[in-house]
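Here is a short briefing to read alongside the structure. Have the 3D view open and follow the topics one by one.

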Amino acid sequence: MAKFGKKLVDHGLVESNFGNISVRIADRMIITKSGVALDEITEDGVVEVPIEGTSELDRIASTETVVHRAIYRNTPALAIMHAHCPYSVTQTLIGDPDSIIPLDSEGIHFLHEIPVFRGMMGTAGLAEGAANALSDHKGAIAYSHGTFAIGKTLAEAYIITTQIEHSCRIKYLVDLAKK
């Protein structure tokens with residue numbers, strides 16, 4: 001988790017204290033704590049909570065714990081990465097309200113389309129939107145908020161995150177060049 005948290009920050013995909021990461025272990029997940037700097041994750045920066053139900057430790061877990069739970073319950077994900085990628089967020093604010101269609105060949109091939117869903121941070125609405133969008137996609141974007149990517153590993157979720165951001169950046173630049 002520390003390695004990928006640092007990569008997210010180093011590559012400008014998230015500001016240090018925003019975003020969250022989790023991994024599933026059977027019926028539990030290890031998730032970053034609320035407010036932890038992703039480029040400085042240590043053992044003290046994560047917490048283990050159940051996927052079903054809640055825990056007293058939810059108070060210190062990421063505010064998006066409810067979203068991670070819904071994703072794990074409704075997808076085969078073993079790892080989840082949530083980042084506030086700037087071009088991805090921008091595309092939700094200026095583009096199609098339901099999905100983003102990549103223009104770059106890698107985005108077309110690997111992502112096909114990027115669903116956009118709505119909901120307020122840390123709410124059941126956001127959780128439902130994310131779980132629905134990720135039931136048949138490996139990545140999606142919460143409107144004005146950021147990307148959620150899933151995988152069998154954190155490496156896979158990271159690659160999906162970077163691909164979404166790359167495709168959104170290319171689309172933004174192409175659209176800008178056309179003006």
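In this predicted model, helix H3 (residues 86-94) and helix H6 (residues 154-178) have axes that come within 8 Å and cross at roughly 55 degrees.

**Where H3 meets H6**
- An angle of 65 to 115 degrees would count as roughly perpendicular and one under 35 degrees as roughly parallel; H3 and H6 are therefore oblique to each other.
- The crossing of H3 past H6 is left-handed.
- On the H3 side, the contact is made by Pro86, Tyr87, Ser88, Thr90, Gln91 and Ile94. Their partners in H6 are Ile164, Glu165, Cys168, Arg169, Lys171 and Tyr172.
- Sorted by class, this contact of H3 with H6 has six nonpolar, three polar and three charged residues.

**Ile141 in strand S7**
- Ile141 sits in strand S7, which covers residues 139-142.
- Ile141 has 0% relative accessibility, so it counts as buried.
- Leaving out residues up to four places away in sequence, Ile141 touches Ser88, Thr92, Ile100, Ile114, Pro115, Val116, Phe117, Gly146, Thr147, Ile164 and Cys168.
- Val89 lies 52 residues from Ile141 in sequence, yet their C-alpha atoms are 7.4 Å apart in space.

**Ser99 in strand S5**
- Look for Ser99 in strand S5 (residues 99-100).
- The relative accessibility of Ser99 is 13%, and buried means under 20%, so Ser99 counts as buried.
- A polar contact of 3.4 Å links the side chain of Ser99 to the side chain of Glu113.
- Not counting residues up to four places away in sequence, Ser99 touches Glu113, Ile114, Pro115 and Val116.

**Helix H2 and its surroundings**
- Helix H2 (residues 65-74) is mostly covered, with seven of its 10 residues buried.
- The buried residues of H2 are Thr65, Val67, His68, Arg69, Ala70, Ile71 and Tyr72.
- Several strands pack against these buried residues: S1 (20-25), S2 (28-32), S3 (46-50), S4 (79-83) and S8 (146-151).
- Helix H5 (124-134) packs against the buried residues of H2 as well.

Methods
Residues are numbered from 1 along each chain as its sequence is written. This is a predicted model: local features need pLDDT of at least 70, side-chain atom pairs count only at pLDDT 80 or more; totals for chains, interfaces and linings use all residues. Side-chain values use heavy atoms; hydrogens and water are left out. Axes are lines fitted to C-alpha atoms, for helices over the stretch in contact, and angles run from 0 to 180 degrees between N-to-C directions. Helices (H or I, at least four residues) and strands (E, at least two) are DSSP runs, numbered from the N terminus. Angles under 35 degrees count as roughly parallel, over 145 as roughly antiparallel, 65 to 115 as roughly perpendicular and the rest as oblique. A crossing is left-handed if the near helix is turned anticlockwise from the far one by less than a right angle, and right-handed if clockwise. Contact means heavy atoms within 4.5 Å. Ala, Val, Leu, Ile, Met, Phe, Trp, Tyr, Cys and Pro count as nonpolar, Asp, Glu, Lys and Arg as charged, and the others, Gly among them, as polar. Buried means under 20% relative accessible area, exposed over 50%, partly exposed in between (1.4 Å probe, protein chains only). A polar contact is a pair of N or O atoms within 3.5 Å; within protein, one must be able to donate a hydrogen and the other to accept it, and residues adjacent in sequence count only if both atoms are side-chain atoms.
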